[in-house]
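Please look at the sequence and the model below before reading on. The text then walks through some of its parts.

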Amino acid sequence: MKLTFKHSFSFVVLVFSTILLSSFVRAQDLETTAKQVFLYDMETSTILFEKDADSRMYPASMTKMMTAYMLLEQVKNGALSLEDTFPVSRKAWKKGGSKMFVEVGKRVKIEDLLRGIIIQSGNDATIVVAEGLAGSEEAFARSMTDKAHELGMLNTQFKNASGWPDPEHYTTARDLAFLAEATIRNMQEYYHIYSEEYFTFSGIKQRNRNPLIRNGYNGADGLKTGHTEASGYGLTASAIRDGRRLILVANGMLSSNERSVEAERIMTWGFREWKHYELFSANETVAKLPVWLGVKGEVPIIIEEEVGITLRRKNRDDLRVNLRYTEPVKAPIVEGTQLGSIYITAPDIEPVELPLVAAETIEQLGAFGRLSSAFSYLLWGEN
């Protein structure tokens with residue numbers, strides 16, 4: 001006598017989500033003149049758009065995000081304080097390109113060096129930091145590469161602290177997004193520096209080069225621009241709206257104006273076309289299953305973690321959630337035992353299946369109760 005049967009219940013909802021379900025874009029309708037692009041929703045690990053995101057590119061001054069990250073790491077772990085100082089060598093003082101304008105032979109506070117790197121994009125400041133932390137820029141660059149690989153930036157190699165042109169100094173758009181995310185997550189108490197519009201050092205006031213910061217783009221709060229003849233114009237940026245944080249890496253543009261226009265357009269597309277939807281709260285009861293031979297007639301099944309995802313607005317009506325389980329469930333049942341799953345599908349995402357578990361322990365009936373229940377089933381088809 002078979003007492004179980006497979007039950008599949010399908011319904012349509014207008015919301016969708018995940019325990020940080022990552023979605024993978026299959027069809028894209030965004031065009032851009034940038035050569036490499038990676039647009040990412042940080043909270044749900046959702047890739048909104050990518051273009052040659054894993055092809056090698058020169059990061060130029062976006063390199064300085066790693067230099068700042070490594071310096072901030074030392075401050076955060078207590079090895080240094082913002083009031084500590086590093087000496088300025090002749091090499092640092094003579095370095096060309098964008099400058100903080102440090103003076104040879106003097107010492108500069110860590111706090112000023114951070115702003116000189118992040119806001120003023122000072123090549124001189126990066127050498128002061130490299131020599132202060134590792135003794136030489138070459139040794140520091142090796143440590144930068146090691147740290148990059150530790151952060152998951154496996155297609156990155158650094159040869160200097162500033163992004164100065166070097167054919168062996170390269171990264172990818174995806175890798176720079178990893179670095180941006182690590183900076184935002186791990187250096188929260190210092191991240192505000194990236195959104196500061198001006199910094200004055202040695203009587204010279206310089207403005208943040210990030211066009212989204214300069215133009216007052218809604219929610220923009222970081223990170224770093226880059227430009228060399230070989231790399232073109234690039235930007236790693238982040239903005240937050242309504243609890244959604246997007247990270248954008250775009251590189252290979254032909255002018256600073258093109259960089260500004262494309263960065264704003266791509267970021268706006270991400271906020272406009274995509275939305276975060278909630279489906280289930282943590283420990284929410286999804287269904288109640290009949291229990292066979294239990295002291296209770298049903299058991300609630302729950303999803304243990306919050307479920308949420310970022311989805312194209314135009315696709316929300318095509319979302320499907322299938323509830324999969326076998327009923328009735330035979331007692332005894334132990335709390336936390338998986339009794340089913342939800343299977344979630346929607347356009348442009350990979351299907352995801354998540355477990356549903358018993359919300360409580362259900363003991364088995366005694367011998368007389370089991371006999372009575374079995375007799376009832378034989379007579380009436382009920383447990």
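This is a predicted model: local features need pLDDT of at least 70, side-chain atom pairs count only at pLDDT 80 or more; totals for chains, interfaces and linings use all residues.

Residues are numbered from 1 along each chain as its sequence is written, and side-chain values use heavy atoms, with hydrogens and water left out.

Begin with helix H1, residues 64–76. Helices (H or I, at least four residues) and strands (E, at least two) are DSSP runs numbered from the N terminus. The axes of H1 and helix H6 (residues 173–186) come within 11 Å and cross at roughly 25°. H1 is therefore roughly parallel to H6. Axes are lines fitted to C-alpha atoms, for helices over the stretch in contact, and angles run from 0 to 180 degrees between N-to-C directions. Angles under 35 degrees count as roughly parallel, over 145 as roughly antiparallel, 65 to 115 as roughly perpendicular, and the rest as oblique. On the H1 side, Met65, Met66, Tyr69 and Lys76 make the contact, and on the H6 side Leu176, Leu179, Ala182, Thr183 and Asn186 do; contact means heavy atoms within 4.5 Å. By class, this contact of H1 with H6 has six nonpolar, two polar and one charged residues.

H1 also meets helix H4 (residues 123–134), where the axes come within 11 Å and cross at roughly 40°. H1 and H4 are therefore oblique to each other. From H1, Lys64, Thr67, Met70, Leu71 and Gln74 meet Asn123, Thr126, Val129 and Leu133 of H4. That contact of H1 with H4 has four nonpolar, four polar and one charged residues. In this scheme Ala, Val, Leu, Ile, Met, Phe, Trp, Tyr, Cys and Pro count as nonpolar, Asp, Glu, Lys and Arg as charged, and the others, Gly among them, as polar.

Next come some backbone details. A cis peptide bond with omega of about 10° joins Gly222 and Leu223, and Leu223 is in strand S8. Another cis peptide bond runs from Ala331 to Pro332, with omega near 5°. Pro332 lies in the loop between strand S16 (329–330) and strand S17 (338–345).

Asp52 has a positive phi, near 50°, although this residue is not glycine. Asp52 is found in the loop between strand S3 (46–51) and H1. Asn283 also has a positive phi, near 65°, and sits in the loop between strand S11 (274–280) and strand S12 (284–292).
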